[in-house]
Amino acid sequence: MIEEVSLKKLLYYYPWIFLGIVISFILIFSAYQIFYPIFIPEPGKTIYIPPKTNLKIIADNLEKEGIVRSSFFLRFYLALTNQNTKVKAGHYTFYGNLNTIKVAEILVKGGRGIIITFPEGLTMVEIEDILKKNGLNVEFKKYRLKDFPETELLKYFPAEANLEGFLAPDTYEFFKEESEREIILKFLNNFENKFLGEFLKYPGVNFYEKLILASILEKEGKYYEDMKIIAGILENRLKIEKKLEVDATIAYSRCQKYPCDWKVTSKDLKIDSPYNTYLNKGYPPTPISNPGLNAIKAALEPIKTDYLYYLTTDDGKAIFAKTLKEHQQNIKKYLKK
């Protein structure tokens with residue numbers, strides 16, 4: 001009788017005991033998959049995640065490479081923490097003790113694409129050449145500002161303007177899967193964010209002319225205060241209908257690849273080009289470089305002086321003159337050895 005009661009109790013509790021064992025096993029197994037780290041020795045394992053890659057493909061690849069134990073548990077953890085749509089594209093290098101939580105954290109933080117820094121003063125051709133050397137083929141010259149109605153720039157600059165001057169100097173991250181338009185929009189959006197506000201402080205000026213002036217200042221001046229004085233000189237020359245006579249505009253017309261040669265000889269002064277400001281009055285038809293913030297601010301805030309001439313010494317210091325005679329004396333003193 002006692003044995004019969006014990007058997008009934010056992011049969012009653014058995015499913016619950018079994019369920020408890022199964023649940024415990026699942027919890028322990030899950031904890032092991034999620035929390036227990038995998039050690040990856042340096043230099044580590046590098047993978048590349050293209051933009052818009054499906055999460056399952058990413059997780060399966062990480063499992064295949066031995067970076068996580070389970071594709072399922074990585075996706076489960078990301079979904080559980082509401083991060084399954086936050087995984088970013090890029091190059092990743094995994095090393096050290098990494099559990100699923102740490103790998104998820106790295107994926108959400110983001111990897112690295114192709115990082116390129118473009119300093120102030122590069123031309124459209126130079127930027128295009130640098131991109132090409134990094135495996136990114138972009139033809140800036142076939143586009144006009146009007147091809148990018150997504151930006152605010154069309155409200156303030158000519159629709160037919162080419163992209164010279166609008167490719168904001170900065171450090172950018174690109175991906176090989178990005179289209180030409182996506183790459184160009186990164187430059188234009190950055191210009192809008194960094195520089196448009198400076199132009200809007202001066203609503204009475206011609207923004208495009210000021211951008212052209214800034215592009216000249218970027219090549220002709222090294223120091224911010226000098227740039228502002230040079231800006232005033234060039235505007236003085238325009239007012240009296242005197243040719244600008246800027247060497248950098250001539251050099252620009254010869255620019256074919258990175259790096260451009262900005263040296264100008266006396267022979268170059270006779271080049272038949274709309275960018276030859278020794279032969280043509282007024283500004284060149286487009287910017288001649290992609291200027292940075294100092295050059296743009298200097299163009300918008302020129303210092304008014306009586307100077308009409310300037311030269312730049314080997315160390316980048318600008319020397320100013322009011323008359324041609326004084327300018328020629330400066331040339332003998334500072335440039336001719």
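The axes of helix 6 and helix 10 (residues 293-300) come within 10 Å of each other and cross at roughly 10°, where an axis is a line fitted to the C-alpha atoms over the stretch in contact and angles run from 0 to 180 degrees between N-to-C directions. Helix 6 is therefore roughly parallel to helix 10, a label given to angles under 35 degrees. On the side of helix 6 the contact (heavy atoms within 4.5 Å) is made by Lys194, Phe195, Glu198 and Phe199, and on the side of helix 10 by Leu293, Ile296, Lys297 and Leu300. The helices (H or I, at least four residues) and strands (E, at least two) are DSSP runs, numbered from the N terminus. This is a predicted model, in which local features need pLDDT of at least 70 and side-chain atom pairs count only at pLDDT 80 or more, while totals for chains, interfaces and linings use all residues. Residues are numbered from 1 along each chain as its sequence is written, and side-chain values use heavy atoms, with hydrogens and water left out.

Helix 6 (residues 180-200) also holds Asn190, which counts as buried because its relative accessibility is 13%, buried meaning under 20% relative accessible area with a 1.4 Å probe and protein chains only. The side chain of Asn190 makes a polar contact with the side chain of Asp170 at 3.0 Å; such a contact is a pair of N or O atoms within 3.5 Å, one able to donate a hydrogen and the other to accept it. Leaving aside residues up to four places away in sequence, Asn190 touches Ala168, Pro169, Asp170, Tyr172 and Phe195.

Turning to the rings, a search of the whole structure finds 24 aromatic pairs, which are rings of Phe, Tyr and Trp (its six-membered ring) with centres within 6.5 Å, called stacked when the planes are under 30 degrees apart, edge-to-face when over 60 and tilted for the rest. Phe157 and Phe207 form a tilted pair, 6.0 Å centre to centre with 45° between the planes. This pair links distant parts of the chain, since Phe157 lies in the loop between helix 5 (124-133) and strand 4 (170-174), and Phe207 in helix 7 (residues 207-220), 50 residues apart. Both Phe157 and Phe207 are buried. The rings of Tyr172 and Phe174, by contrast, have centres 5.7 Å apart and planes at 15°, so this pair is stacked. Tyr172 and Phe174 are buried as well.

Terms used:
Buried means under 20% relative accessible area, exposed over 50%, partly exposed in between (1.4 Å probe, protein chains only). Angles under 35 degrees count as roughly parallel, over 145 as roughly antiparallel, 65 to 115 as roughly perpendicular and the rest as oblique.
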